[in-house]
Amino acid sequence: MEGLISASGERRLVKAVCAIVIKGYWDKLLKPNIGSLVTSSVMNQSLLDLSPHAFSISWCFFKWVDTVPQYKHSLQSSWLMVCILTKQRHLKTAQNLLEKIARRDFLSSPTVLNALVDSDGESDVNSHVLSWLVIFYANSKKIPDALQVFDHMRVCGYKPHLHACTVLLNSLVKERLTDTVWKVYKKMTRVGVVPNLHVYNVLIHACSKSGDVEKADELLSEMESKNVLPDIFTYNTLISLYCKKGMHYEALSVQDRMERGGVSPDIITYNSLVYSYCREGRMREAFRLFNDFITRVSPNHVTYTTLIDGYCRVGDINEALALRGTMEAKGLYIGVVTYNAILRKLCEEGRIQDANKLLNEMSGRKIEADNITCNTLINAYCKIGDMKSASRIKNKMLEAGLKPDEFTYKALIHGFCKSRDVISAKGILFDMIGSGFSPSYCVYSWLVDFLNDDEAVLKLPDELVQKGLCADVTVYRAIIRRLCKKERIDCARRVFVNMETKGILGDAVIYTNLAYAYSRCGDALSASALFDEMYKRRLMVTLKIFKSINASYANDCGSLDVLWKSMVERGLISKSIYKQIQQLNM
């Protein structure tokens, strides 16, 4: 349906195509003498010439051509059809066609948009279409594409629609791209988009996610200055933010403000306030508030679960169980979160038998245990040295399709170390690394403390390698730090030499720990040699390293002062860091 044709011939062909379409003899277009000459350019011009006629003609013709075998609309033709439909105010049809194109073709590139968007076309139409494109990409979680289209609109002078800006901002908040949220907000206001209540609510939600109280206050003041009245969502988000920050007075002030503004608090409002008291163990205030609002708003399962968790945290398991009974009496759903709160407290008190009864109750009610449930039980069994039961829970976890997390592995390693089962402890360590988790310093500390044999400690990194796992500088750092702390300096030195033999260079943490260990045992010469090596390799002590070593050797203030002075003299602590250290010591 495509061939070569001159410019004058193309104009005559466009007239002929339009005449055939208007008369309804569309099958004539399939004849070789006409159809073979219909190019993308002819199609575009035909659609434009047909557009002043009834909506159904241009749109039906476009759809009919799409059914012709061996013919495919060009991107330009499809875009043009979207613009025609938009101009004719068939907005839903236009938007659906645009989304179909966007799924098939890459539209967000400035080069593609420059080729598609008619700069001489109607600005309103272009704003409509590009705003839809921003919405489509934002809802499809294609944030970079949405931002590209948004910026293209701004550069070309097209004003994005308010709804497009709201959807884009909301998507950015969901992805926690807070800095980009404020950049987009500034850009949209500069091009004349006036924010409404929905936009402000999205922005305050961004403040809540980032914990920015000052910015939230600024936005509320801005809303008042622009006569944008806050709604229940605005107030609830602000109260939640204040409660998370422990700012009870401010949260209660917002509640008072919303009531004076004619907005009645709902259960979400009160749940936030109850939570703020419970997390600080202020159960008297929490329960007083609860008794105050239950005459106005019905508490839900979140309310009771928050109170149950609060009572468990302050050690009042009886009150927690009484509230669970109230939940049952009211027919409220008791989920895994509620059970986990009670289970944690029972395990903390060593009431394993009662914890198992609760677990059986969960099973009877078809409430599936989650990672927190299993971790709580595993940790409880590890603490009492019942590693058989801890391993059984871990196996049940796996059977249920749950994946052990970092807490699971750490609890098991610690439990096996306490039970002096080094083979099982190392097995869990290997599983942990194999699952993509990086063991912390304390994990290696437990193993090093148990492995009193220097040879066994030296073999640990090699065992990791033999299992196909990575034994990098972090592994050696943790082992050397612990050996230095335990004053096993000879073993630490052997691990250090072994590390460098494998081509792994020590970092500032390793050198500083070794130097201090030598300094503590009176070997100033070895400490000095390590300082020289640090200087050659430009390994500097950071504020983080300073704080870490100070915390590890909190009782060695005098010895540490000598170390830091020596390192300053050797140029291993920069002047700016040293100033910060002095400020910390004041």
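**View 1. Asp462 is partly exposed, at 25% relative accessibility.** The model shown here and in the other views is predicted. Asp462 makes a salt bridge to Lys502, with 3.1 Å between the closest N and O atoms. The two residues lie in distant parts of the chain, 40 residues apart: Asp462 belongs to helix α27 (residues 454-466), and Lys502 to the loop between α29 and α30. Lys502 has a relative accessibility of 39%, which also places this residue between the buried limit of 20% and the exposed limit of 50%, so Lys502 is classed as partly exposed.

**View 2. Salt bridges with shared partners connect five residues, Asp309, Arg313, Arg344, Lys345 and Glu348, into one network.** Over the whole structure, a search finds 29 salt bridges.

**View 3. Arg257 and Glu224 form a salt bridge through their side chains, at 2.0 Å from N to O.** This pair joins distant parts of the chain, with Arg257 in helix α15 (residues 248-260) and Glu224 in helix α13 (residues 213-225), 33 residues apart. Arg257 is partly exposed at 29% relative accessibility, and Glu224 is partly exposed at 42%. Side chains of opposite charge can pair when their charged atoms come close.

**View 4. A salt bridge links the side chains of Arg351 and Asp354, with an N to O distance of 3.0 Å.** The relative accessibility of Arg351 is 30%, which counts as partly exposed. Asp354, at 29%, is partly exposed as well.

**View 5. Helix α31 covers residues 524-536, 13 residues in total.** From the first C-alpha to the last, α31 reaches 19 Å, close to the 18 Å expected at 1.5 Å a residue. The buried residues in α31 are Ala527, Ser528, Leu530, Phe531 and Met534. They lie on the same side of α31 because the arc they cover around the axis is only 160°. An α-helix has 3.6 residues a turn, so residues three or four places apart point the same way. Leu525 and Lys536, on the other side of α31, are exposed.

View 6. Just after α31 comes Arg538, which adopts a positive phi of about 55°.

Notes:
Residues are numbered from 1 along each chain as its sequence is written. This is a predicted model: local features need pLDDT of at least 70, side-chain atom pairs count only at pLDDT 80 or more; totals for chains, interfaces and linings use all residues. Side-chain values use heavy atoms; hydrogens and water are left out. Helices (H or I, at least four residues) and strands (E, at least two) are DSSP runs, numbered from the N terminus. The expected span of a helix is 1.5 Å times one less than its number of residues. Buried means under 20% relative accessible area, exposed over 50%, partly exposed in between (1.4 Å probe, protein chains only). The arc is that of the directions from the helix axis to the C-beta atoms. A salt bridge is a side-chain nitrogen of Lys or Arg within 4 Å of a carboxyl oxygen of Asp or Glu.
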